[in-house]
Amino acid sequence: MTNLRQIVTQSGVQFGTSGARGLVASMRDDVCYAYAQAFLRAVAGAADTVVLGHDLRPSSPAIAAACAQAVRDAGKRVLFVGALPTPAIAYYAAVQGAPAIVVTGSHIPFDRNGIKFYRADGEISKADEQAMLDAGVQLPAAIAAAPLPPASDEPANAYVQRYLDVFGADALAGLRIAVYEHSSVARDILHTILEALGASVLPLGRTDQFVPIDTEAVRAEDIERAAQWAQEHSFDAIVSTDGDADRPLIGDERGTWLRGDIVGILCGQYLGADFVVTPVSSNTAVERCGSFKEVLRTRIGSPYVIAGMEQLAATHGQGAVVAGYEANGGFLLGSDIARNGATLKALPTRDAVLPIVAVLGLARERGCRVSEVTRALPPRFTASDRLQEFATESSRQLVARLAQDGALAAGLLAPQSGELANIDTTDGLRATFANGDIVHLRPSGNAPELRCYAEASTQADAEALCRACLERVAAQA
């Protein structure tokens, strides 16, 4: 017998900000079997059933089959739900009171994949990850994963009903919504949900070739494509998700994509949240807008946001509406919400559908276009991008140097923004300058990438800050 930590070291498949990630070539049957076995032994407890699903990456079914074999070999039943959005799987598992395993690489490059793990009450914590790493695992001499069983339709139906029950069949009546389908696992169910809420749907851009949509760093071709579609078609909004549908991409009638951290604020306002948790990288308009009683900042990653929501819920007690969101637009609901005579149950994992419905519903409620729904927010604008194939260790060394040398940080991050006013090392290095500009560098937790987040008083300035910073970093690398 060995422990999972040794297998992680040997394979290079390791925990990131949310779940295990690695190269597809490294995610062999034995590695995936070991991860699933460690989860069952260290986290899943005495549950006799495990919910299992996956995204649409070509490598995902084989990884799911290896995980399913580990579940069966542990004497437990596999409840296979097929290709479904991660939040739909997590929601169904919570309703069933069962743990879940979701095979997905989310938005990361095509040559990689991953596995997310859920307790019966939600995402595993960082403490759960450590327990899994320390768990003893025993692999069979050979792993012959049996074919996956037929998928149950019940989880998809439950996810659709979640929104229909609370928002009603006319919530989006009269709206024409374009859905950029690409290879998102939500491309069919999102269509179903929007139509169930009264919208007419225009499907666009469907492909069976995996597209790594990153909602924090939208590709230039997707920016151009949305604008072109807006000229070719008449729609009220265009929506999409990343690969596993826990992060939304929402565009207005002109095909202009909204920033995810702005989407989070709008969703919180629409749902009447009292307390909001969001990572340090999110737009400061959340504090400046005055809509929330308290905003708690955390490290980047849904486990940290969930821990923050639990902290606020414990502090403020029953009746307080606690929510969270990330800069990628994924929205986490930490409290049940009563609405239209029904209850929207808490779902403390990233969800793409709820913020999509909220932004469209808010525009309809205010009688304005989607492009106008942000006008009441303070004029703070963000941009983000990344240097790909930038070694994680190099990123960490760079951030450490900048944290120790304020003059170097000012010169590299934003030499035109005035004096360095503050450095925040909650997660990476976030520098605030005298003129209000903010530049934040952070090594990615999922891939060899260095991410840059910038904030300024205009969109053009934020984009210029981000672009120039990454150019300087690349030049000195």
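Predicted model: local features only at pLDDT ≥ 70, side-chain atom pairs only at ≥ 80, totals over all residues.

Residues are numbered from 1 along each chain as its sequence is written, and side-chain values use heavy atoms, with hydrogens and water left out.

**The chain as a whole**

- The chain holds 15 helices and 25 strands; these are DSSP runs, with helices being H or I of at least four residues and strands being E of at least two, numbered from the N terminus.
- Its radius of gyration is 22 Å, close to the 23 Å from the globule rule for 477 residues, so the chain is as compact as a globular protein of that length. The radius is taken over C-alpha atoms, and the rule is 2.2 Å times the number of residues to the power 0.38.
- Along the principal axes, the C-alpha atoms fill a box of roughly 60 × 55 × 50 Å.
- Of the 477 residues, 58% are buried, where buried means under 20% relative accessible area, exposed over 50%, and partly exposed in between (1.4 Å probe, protein chains only).
- Among contacts with a separation of 6 or more, 69% are between residues 24 or more positions apart; a contact means heavy atoms within 4.5 Å.

**Surface and charge**

- The chain has 41 positive and 54 negative charges, and their mean positions are 1 Å apart. Lys and Arg count as positive and Asp and Glu as negative, with His and the chain ends not counted; each charge is placed at NZ of Lys, CZ of Arg, CG of Asp or CD of Glu.

**The nonpolar cores**

- The largest nonpolar core has 69 residues, and those with the most contacts inside it include Val 51, Phe 167 and Leu 354. A nonpolar core is a set of buried Ala, Val, Leu, Ile, Met, Phe, Trp, Tyr and Cys residues joined through side-chain atoms within 4.5 Å.
- Helix α12 (residues 353–366) gives the most to this core, with nine residues.
- Apart from this core lies another of 38 residues, among them Ala 36, Leu 52, Ala 64 and Cys 67.
- Beyond its neighbours within four places in sequence, Leu 354 is in contact with residues including Tyr 163, Phe 167, Leu 271 and Phe 331.

- Most residues other than glycine have a negative phi.
- His 182 is not a glycine, yet has a positive phi of about 35 degrees. His 182 sits in strand β10 (residues 176–182) and is buried, at 0% relative accessible area.
- Ala 245 has a positive phi near 65 degrees. Ala 245 lies in the loop between β12 (237–241) and β13, and is buried at 2%.

- Leu 249 belongs to strand β13 (residues 248–251) and is buried, with a relative accessible area of 1%.
- Leu 249 and Ile 356 are 107 residues apart along the chain, while their C-alpha atoms are separated by 8.0 Å.
- Ala 158, in helix α6 (residues 154–167), is partly exposed at 24% relative accessibility. Leaving out residues up to four places away in sequence, Ala 158 touches Tyr 91 and Tyr 92.
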